[in-house]
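Please open the model in your viewer and keep the selection tool at hand.

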Amino acid sequence: MLQSSPQNITILGATGTIGLNTLDVIARHPDKYRAYALTANGRAEALFDLCKQYHPRYAVLLQEAAADRLRQMLLQAGIETEVLFGMDALEQVASAPEVDAVMAAIVGAAGLRPAMAAAHAGKRIMLANKETLVMAGSLFMQAVEESGATLLPIDSEHNAIFQVMPSKKYPDLHSGGVRKILLTASGGPFRNASREQLLQVTSQQALNHPNWVMGPKITIDSATLMNKGLEVIEAKWLFDATPEQIEVVVHPQSVIHSMVEYVDGSVLAQLGNPDMRTPIAYALAYPERIDSGVGSLDLFKIATLNFERPDTGRFPCLRLAFDVLKRGGTAPAILNAANEVAVEAFLQSRIGFMDIPALIERVLSLSSIKPVTDIPNLIAADQAARQLAQEWMVQSA
C-alpha cells in the first residue's frame, strides 16, 4: 500500500504560543504533516531557530530589515529556506497551491488579509485569529462558502462547541435542535477582585493567568474578559447564532471547554486538560483523531467543577462585545481596534486596567457605525478607531 505524502502546513504566526504548539503536534507526526511556510512579525532570531529545526520551504517576516537579517543567518547556516517579507508574502504562503492547510494564528488585525487569502483559495483553515471573524465575519464566511474552504476553529471554546454540535448541517441552530451555546470562561486572574482592587492592577499581575499559557495580548484580554467578548462575536459567525443563543459561563477550572444545550434538555460538553494542542490536533486530523501529546484528564484529581455568572459591572468589556454584536456593521471592528490600542497602552503602563473598557466605550460612542461592504471599509473603520483611541489617551493623560 502506497503511503501518501505529508500534508503541507503554513503556520501564520509560528513563533507565538499557537504556532509553537502546532509545530509540536506536527513533530509528533512527521509522516502526516510538513511545515511548508512559517511566518512571524519581526522575530528573525526566533524564526531562524524554527527554520533550523523544521526546514520549511518559506519563512516570512513582515519587515524587510528583519527578513534580510534572517536571510543572512540561514545562508551562514546552510539552510535553503527561502525568505520573503511583507503582507503580500503572507497572502502568498497562505494561498499557495501546494498548501493543504493553514494555521491562522497571527494576533490582531494583521492576521485578517492572509486568513482571507486562505479562504478565497479554498484551504483547510485552522482559525486561531479572533480578529478575522470579529472584524470581517460576514465577508470571511462568504469567502469560505464560495470557495469550499474547510473552517475549523482553534479557540478551545469554539473547538469544543464544534465537536459537540450536530454532525449534520442545518439551516439554523433551532432546526438542529440547539437551544443555546454555553461559552465557558476561566474568569481570569481577577475573578474575585473588587472594583477597587481592579483599579490598582498592574500589567505584570494581569499577565499571570491561572490556567493557560498564552501571548501577552490574549492574556490581558482574558483578564478583562474581552477575550470572551471576542469569542461571543466569533461564535455568532461560526455557528450562525444570535446574541440571545450565546451565554457565557465562568468556569474557573477550565476543564469543560464549552457546552451546547439542546431543546430536549441535553447539555453536551467537551472536557480536557487546558492545553491548546488538543484543539490543534483535532483540527489537523479532522475528522480523524491523532495523538496530541496532551495527558489524560484525571477527574478524580479535579474532583469539583464550579460555575458562576460573569459580572459585567466589574468586567464591562464583555457587555461591550454583546452590544457591538447587536449593533453589527463596523462596530465589532471598531471595538477590536480600540481594544488593541488599549491593551498595548496598558502593557506599556500608559493607562490603567480599568481604562481599557473606558477607552473602548468612548471610541465606540464617537464612531460612526457603517455597513460592512469590503475589506477597505473595514480597514478604514479600524484606522479611524485607532486614531480616536490615541487621541483619548492624549486628552486623558
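A salt bridge is a side-chain nitrogen of Lys or Arg within 4 Å of a carboxyl oxygen of Asp or Glu. By this criterion, a search of the whole structure, which is a predicted model, finds 26 salt bridges.

**Stop 1**

Select aspartate 68 and arginine 71, whose side chains meet in a salt bridge with an N to O distance of 2.8 Å. Both residues belong to helix H3 (residues 64-77), where they are three residues apart, about one turn of the helix. An α-helix has 3.6 residues a turn, so residues three or four places apart point the same way.

**Stop 2: salt bridges between distant parts of the chain**

Next, select lysine 180 and glutamate 261, which form a salt bridge of 3.9 Å, N to O. This pair links distant parts of the chain, for lysine 180 is in strand E8 and glutamate 261 is in strand E10, 81 residues apart. Lysine 180 is partly exposed, at 22% relative accessible area, whereas glutamate 261 is buried, at 14%.

Now move to glutamate 308 and arginine 191, where the N to O distance of the salt bridge is 2.5 Å. Glutamate 308 lies in the loop between H13 and helix H14 (316-327), and arginine 191 in the loop between E8 and helix H8 (195-198); the pair therefore ties together parts that are 117 residues apart in sequence. Glutamate 308 is partly exposed, with 32% relative accessibility.

**Stop 3: a network and an annotated site**

Select Lys130, Asp155, Glu157, Lys228, Glu231 and Glu234 together: salt bridges that share partners join them into one network. Which residues does UniProt list for "binding site"? The unreviewed entry names Lys130, Ser156, Glu157, Ser186, His209, Ser222, Asn227, Lys228 and Glu231.

Centre the view on glutamate 231, which lies in helix H11. Glutamate 231 counts as buried because its relative accessibility is 1%. Its side chain and that of lysine 130 are joined by a polar contact of 3.0 Å. Apart from neighbours within four places in sequence, glutamate 231 is in contact with Lys130, Asp155, Glu157, His158 and Leu183.

Asparagine 227 is also found in helix H11, which spans residues 226-239. Asparagine 227 is buried, with a relative accessible area of 7%. If residues up to four places away in sequence are not counted, asparagine 227 touches Lys130, Ile218, Asp221 and Ser222.

**Stop 4: a mostly covered helix**

Select helix H7 (residues 156-164). How many of its nine residues are buried? Eight of them are, and the helix is thus described as mostly covered. The buried residues include Ser156, Glu157 and His158. To see what covers them, display strand E7 (150-153), strand E8 (178-185), H11, strand E10 (256-262), strand E11 (267-271) and helix H12 (277-285), which are among the covering elements.

**Stop 5**

Arginine 277 is found in helix H12 and is buried, with a relative accessible area of 14%. A polar contact of 2.9 Å joins its side chain to that of aspartate 275. Leaving out residues up to four places away in sequence, arginine 277 touches Asn21, Asp24, Val25, Arg28, Ser292, Gly293 and Val294.

Asn21 and Val25 are among the buried residues of helix H1 (residues 17-27). The buried residues of H1 pack against strand E1 (7-12), strand E2 (33-40), helix H2 (44-54), strand E5 (101-104) and H12.

**Stop 6: a nonpolar patch on the surface**

Finally, show the surface and select Leu271, Leu299, Leu305 and Phe307. These residues form a nonpolar patch with about 340 Å² of accessible area together.

Methods
Residues are numbered from 1 along each chain as its sequence is written. This is a predicted model: local features need pLDDT of at least 70, side-chain atom pairs count only at pLDDT 80 or more; totals for chains, interfaces and linings use all residues. Side-chain values use heavy atoms; hydrogens and water are left out. UniProt positions are given in the numbering used here, feature names are shortened, and annotations may be inferred rather than shown by experiment. Helices (H or I, at least four residues) and strands (E, at least two) are DSSP runs, numbered from the N terminus. Buried means under 20% relative accessible area, exposed over 50%, partly exposed in between (1.4 Å probe, protein chains only). Contact means heavy atoms within 4.5 Å. A polar contact is a pair of N or O atoms within 3.5 Å; within protein, one must be able to donate a hydrogen and the other to accept it, and residues adjacent in sequence count only if both atoms are side-chain atoms. Patches are made of residues with over 30% relative accessible area and no salt bridge: like charges are joined within 9 Å, nonpolar side chains (Val, Leu, Ile, Met, Phe, Trp, Tyr) within 5 Å. Accessible areas come from the Shrake-Rupley method with a 1.4 Å probe; for residues, only the protein chains shown count as cover.
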